[in-house]
Amino acid sequence: MTFYSPEFDRYIHINRKNKISRLSLKVCRVTGKISINASLYLPNLDIINFFNKNRSWISKQLSKCVVPKIVEKGLMLPVEGNCYEIVSNNNVSTIRFLESNKICLPKNIVNVGHAVQKFLIEYCRSIMTPFIIKKSNLFKKKIQKISFKDTKSRWGSCSSKGSIMLNWRLIMAPPSVYKYVIIHELSHLVHMNHGHRFWKLVGELHPNYMYDREWLSKNGHEIRKYIF
Ligand SMILES: [Zn+2]
């Protein structure tokens, strides 16, 4: 059985099972599917009441929900905080930015996601590497290695030996956000912890970093949902 919720603009799935003694509610983190498990004989009204009581919880879960977006022609993709449409054109021989916020691929490219990912990683490298090198001059330690990866749980890391790793997806975030992450990682060259003195240094080098931290915690999942 299902019923439609105009508030959430989707169907609520009710699974009736013999052995269930308590009502339970689930919101799928990937698809946003809402389902309720109930016993076979529970009146519908009890289920509706249970649903209504949990509306604010459902809404909170849905806001965290990561609906994957497959990178293909026609998709709007953020780069440095601005939206770009992915298009293709016979007149271009290699993937590039076009005016009017477009990323344009040659018509014959088969794997669009793969091509756009490669393009973004290269673009990320070209933008972030000079910034890292410029800022690292403020520190006494030398940067040994800079790598760009797609890490699931962190945005960057820095080893005591001076190896910096950044998530290349940060190129999708506004510049202030990735600059904050870079300053954060470089500051670990001085303080290998998140203590008071560490945050003081970050604040000196990147004032108002709190806004960028907040952006990442609120919107970071948005730039992780693209499937290339
Ligand atoms: Zn850190």
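Colleague: In what order do the three strands of the open sheet with mixed pairing stand?

Modeller: Before we look, note that this is a predicted model: local features need pLDDT of at least 70, side-chain atom pairs count only at pLDDT 80 or more, and totals for chains, interfaces and linings use all residues. Residues are numbered from 1 along each chain as its sequence is written. Helices (H or I, at least four residues) and strands (E, at least two) are DSSP runs numbered from the N terminus. Two strands pair if DSSP finds at least two bridges between them, and in this open sheet the order is E10-E12-E11.

Colleague: Which are the edge strands?

Modeller: An edge strand of this sheet pairs on one side only. That applies to strand E10, residues 145-149, and to strand E11, residues 156-158. So that you can find them again, the names are E10 and E11.

Colleague: How many bridges join E11 to E12?

Modeller: Strand E12 covers residues 163-167 and runs antiparallel to E11. Across this pair you can find Gly156 opposite Leu166, and Cys158 with its bridge partner Ile164. The number of bridges is three.

Colleague: Which residue in the turn of the hairpin of E11 and E12 has a positive phi?

Modeller: Four residues lie between E11 and E12 in this hairpin. In the turn, a positive phi of about 95° belongs to Gly162.

Colleague: At about what angle to E10 does helix H3 run?

Modeller: Helix H3 takes in residues 112-136. Look for H3 lying across E10 and E12. Its direction makes an angle with E10 of about 145°.

Colleague: Which strands does helix H4 touch as it packs on the sheet?

Modeller: Two residues are in contact if their C-beta atoms, placed from the backbone, lie within 7 Å. Helix H4, residues 175-187, makes about 25° with the direction of E11. The strands that H4 touches are E11 and E12.

Colleague: What is the orientation of H3 and H4 to each other?

Modeller: The axes of H3 and H4 come within 10 Å and cross at roughly 45°. Angles under 35 degrees count as roughly parallel, over 145 as roughly antiparallel, 65 to 115 as roughly perpendicular and the rest as oblique. H3 and H4 are therefore oblique.

Colleague: Which residues of H4 make the contact with H3?

Modeller: On the H3 side, look for Met128, Phe131, Ile132, Lys135 and Ser136. On the H4 side, you will find Tyr178, Lys179, Ile182, Ile183 and Leu186.

Colleague: What does Leu216 count as, exposed or partly exposed?

Modeller: Leu216 is in helix H6, residues 209-224, and touches Trp155 and Val177, leaving aside residues up to four places away in sequence. A residue is buried if 20 or more other C-beta atoms, placed from the backbone, lie within 10 Å of its own, exposed if 12 or fewer, and partly exposed in between. Because Leu216 has 18 such neighbours, it counts as partly exposed.

Colleague: How many C-beta neighbours inside 10 Å does Ser100 have?

Modeller: Ser100 sits in the loop between strand E8 (96-98) and strand E9 (102-106), with a positive phi near 60°. Ser100 counts as exposed because its number of C-beta neighbours inside 10 Å is 8.

Colleague: What is the phi of Asn101?

Modeller: Most residues other than glycine have a negative phi. Asn101, in the loop between E8 and E9, is partly exposed with 13 other C-beta atoms within 10 Å. Although Asn101 is not a glycine, its phi is positive, at about 50°.

Colleague: Which residue in E2 stands opposite Ser5?

Modeller: Strand E1 (residues 2-5) pairs with strand E2 (residues 10-17) in the antiparallel sense over four bridges. Together E1 and E2 form a hairpin, and Asp9 in the turn has a positive phi of about 50°. Opposite Ser5 you will find Arg10.

Technical notes:
Axes are lines fitted to C-alpha atoms, for helices over the stretch in contact, and angles run from 0 to 180 degrees between N-to-C directions.
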